[in-house]
Amino acid sequence: MWNTFILASSVRALLGLFEGQFAATAKAMRQALELAQSELIGCVALELLYAELESRDFSCDVLEHHEHILQVLRMPSCGWTDFGTPK
């Protein structure tokens, strides 16, 4: 099977998967966003948080830990055009 990485999900479901792996990061992000909406200092808090965040790979760090609830669907033949080749 060819991985086209077409993902269909609700934001709530994806956020739930992320929170399951990175609860502290999700909590810090929520707090910074709440501050940013109510106070000017919140924007600074959000900038500081993003400056300190570690890089994450969504596939490896989140999806691979939840393969038991994910689903792969086989697509019917629909043709393929690869615009990335010289031809």
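View 1. The face of H2 turned away from its buried side carries the exposed residues Ala24, Lys27, Glu34 and Ser38; exposed means over 50% relative accessible area, buried under 20%, and partly exposed in between (1.4 Å probe, protein chains only). The model is predicted: local features need pLDDT of at least 70 and side-chain atom pairs count only at pLDDT 80 or more, while totals for chains, interfaces and linings use all residues. Residues are numbered from 1 along each chain as its sequence is written, and side-chain values use heavy atoms, with hydrogens and water left out. Thr25, Ala26 and Ala32 are the buried residues of H2. They lie on the same side of H2, because they cover an arc of only 130 degrees around the axis, taken from the directions from the helix axis to the C-beta atoms.

**View 2. The span of H2.** Helix H2 has 16 residues (23–38), which at 1.5 Å a residue should span 22 Å; the end C-alpha atoms are 23 Å apart, which agrees. The expected span is 1.5 Å times one less than the number of residues. Helices (H or I, at least four residues) and strands (E, at least two) are DSSP runs, numbered from the N terminus.

**View 3. Helix H1 against H2.** The axes of H1 (residues 11–21) and H2 come within 5 Å and cross at roughly 120 degrees. Axes are lines fitted to C-alpha atoms, for helices over the stretch in contact, and angles run from 0 to 180 degrees between N-to-C directions. H1 and H2 are therefore oblique to each other; angles under 35 degrees count as roughly parallel, over 145 as roughly antiparallel, 65 to 115 as roughly perpendicular and the rest as oblique. On the H1 side, Leu15, Phe18, Glu19 and Gln21 meet Ala23, Thr25, Ala26, Met29 and Arg30 of H2, where contact means heavy atoms within 4.5 Å.

**View 4. Surroundings of His66.** His66 is found in the segment after helix H4 (58–62). With a relative accessible area of 11%, His66 is buried. Leaving out residues up to four places away in sequence, His66 touches Leu17 and Gln21.

**View 5. Ala45 in helix H3.** Ala45 has its place in H3 (residues 40–52) and is partly exposed, with a relative accessible area of 24%. Not counting residues up to four places away in sequence, Ala45 touches Ala32 and Leu35. Ala45 and Leu35 are 10 residues apart in sequence and 7.6 Å apart in space, C-alpha to C-alpha.
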